[in-house]
Amino acid sequence: MIKGNGRPVYEGVAIGKIFVLSKDHKIENTRCADKEKELERFKDAREKARAELDDLYEKTKREIGEEEAGIIEVQSLFLDDLDYIEGIEDMIKSGRDAAFSVHEIGDAQASAFAALDDEYMKARATDIRDISDRLIRILTGSGQAFKMEEPCIVVAEDITPSETVAMDKDKILAFVTRQGSSNSHTAILARVMNIPSLVLTNIDIEPALNGREMIVDGFSGTYYIDPDEETLRVMKEKRRGAGEYKASLEMFRGKESITKKGRKINLFANIGSPDDIKYVLDGDAEGIGLLRSEFLYLGRDDFPTEDELFNSYKKVVEAMNGKKVVIRTLDIGADKKVGYFNLAEEENPALGYRGIRICLTRPDIFRPQLRAIYRASAYGNVAIMFPMIISVKEVKAIKETCEEVRRELSEEGVPLSPVELGIMIETPAAAIISDQLAREVDFFSVGTNDLTQYTLAIDRQNEKLDSFYDAHHEAIMRSLALIAENAHKAGIWAGICGELAADLSLSDEFIRMGYDELSVAPSRILELRKRIIESEV
Ligand code: PEP
Ligand code: MG
């Protein structure tokens, strides 16, 4: 039995077979004994890759949209690209092994594309790398190209948003990664999907792990590979206990979230993509308090178009069937980097060109988003929220742009519904001037993840600072109280959408402060509702 540990990002116990999501293929410059046979193997690999991409195309089209699926189609085209294919075949004919030939030619062509000036051609470098990776995986048998036959525990260096799109989420029991942080994409996804997961583990990732039995204990942060019988028995018992706890929360499904003294709290969910809607409905959320738009921009080669954004937003808004959907405009920058934004390297990215600062200086990025959101407003109950605000001046500029966009759409005859405009309070500056900001907007939502980072001057991604990071710090509690007080003085509502909103030890305090809404991972709703219904406050 191998025992190791990492940082738990979502509790629960998972027991299942390991699926190694491997991108590290050890490619050796070996000669092949039979060139004809090697050419035949390469041909078969191409056909397999084509079949995989066809499946992936259909899945992406169904789950995300036709335009995103176009990225997959472009990759398919390389399977018939003469330069690429003949280059590989020539190398095999010179006596090299097929995987090595794909690696060499793929690398050379990707570098050539990356060196071009044209942005579109530059982006093709990633496509060549992706398709080469896929072919190598098929040729070497390492990894199974996301094809999990049964529910598995996914073990990886890290997991990118585009990889999560390709995964069959119903077949994932847990994530175990070497990298990541409590706020990484893997962590957010685990919470949304309601599966135990560990990041920053010390696991040795190798293809030989595939298919071996693993236990992930998301309570203690421990994992076991090839567990002995006693460990298996204890962990099955722990899993049963966790299952019973979950089942006991079922009685709170469909109930109103009202405290014993009659305070109604809106229990909303945080999500990243239309894909997550099923978790929101499963979790019994009363609305969506934070749709992180940046996930619609991650894992792709170019900006989403207005229509793509509109379709994603519309899907979410329609699925919520009249319940409120708070859409946050994109918060790219800092930890969420996207290549095609071409953002310069920064000394202090968390204090840099991010979130609303990009939107306010790049109307070509901001306006299509706003148009898409306003267009989606006709299909339900939409509110827009802006991240990283520090001044009244920014809010005034945002409101002006919103008004222009609204007028423009209305002149085009596009149907629109009323839209609330709110801001995230996640900088100390915004908390301190929340009295002034409250007069400008319809609501506040406190981003405690960033508010804590900026108030305590502690990088939220840096695990070395964990012992200094105190989410319950008096400075944060006082800020939270001030923000709610200033919101209510101005007659607007206030919510919390950072991770702290799910902290059950603070629920009473938040209710006392007067918060109207708590927005948490969908999997947290029922236990929070229980807490609120049982609250004496
Ligand atoms: C926050 O900062 O608390 C927040 C909700 O936003 P994000 O985690 O996306 O930065
Ligand atoms: Mg934030």
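Helices H12 and H13 are oblique to each other, a word used for angles that are neither under 35 degrees (roughly parallel), nor over 145 (roughly antiparallel), nor 65 to 115 (roughly perpendicular). H12 covers residues 363-377 and H13 residues 392-411; they pack at an angle of about 60°, with axes 10 Å apart. Helices (H or I, at least four residues) and strands (E, at least two) are DSSP runs, numbered from the N terminus. Axes are lines fitted to C-alpha atoms, for helices over the stretch in contact, and angles run from 0 to 180 degrees between N-to-C directions.

The crossing of H12 and H13 is right-handed, meaning that the near helix is turned clockwise from the far one by less than a right angle. Among the residues of H12 that meet H13 are Phe366, Leu370 and Tyr374, while H13 brings residues including Ile398, Val405 and Leu409. Contact here means heavy atoms within 4.5 Å. By class, this contact has seven nonpolar, one polar and six charged residues. Ala, Val, Leu, Ile, Met, Phe, Trp, Tyr, Cys and Pro count as nonpolar, Asp, Glu, Lys and Arg as charged, and the others, Gly among them, as polar.

## About the model

This is a predicted model, in which local features need pLDDT of at least 70 and side-chain atom pairs pLDDT 80 or more, while totals for chains, interfaces and linings use all residues. Residues are numbered from 1 along each chain as its sequence is written, chains are lettered from A and ligands numbered from 1 in the order in which they are written, and side-chain values use heavy atoms, without hydrogens and water.

H3 (residues 82-93) and H4 (residues 98-114) pack at about 140°, their axes 9 Å apart. That makes H3 oblique to H4. Their crossing is right-handed. Eight nonpolar, four polar and two charged residues make up the contact of H3 with H4.

## The sheet

Now to the strands: eight of them form an open sheet with mixed pairing, in the order S1-S8-S7-S3-S4-S5-S6-S2. S1 (2-5) and S2 (7-10) stand at the edges with a single partner strand each, so one side of each lacks a neighbour in the sheet. Two strands pair if DSSP finds at least two bridges between them.

S1 and S8 (residues 222-225) run antiparallel and are joined by four bridges. The bridge partner of Asn5 in S8 is Thr222. Helix H8 (residues 229-249) packs on the sheet and touches S3 (13-21), S7 (213-217) and S8.
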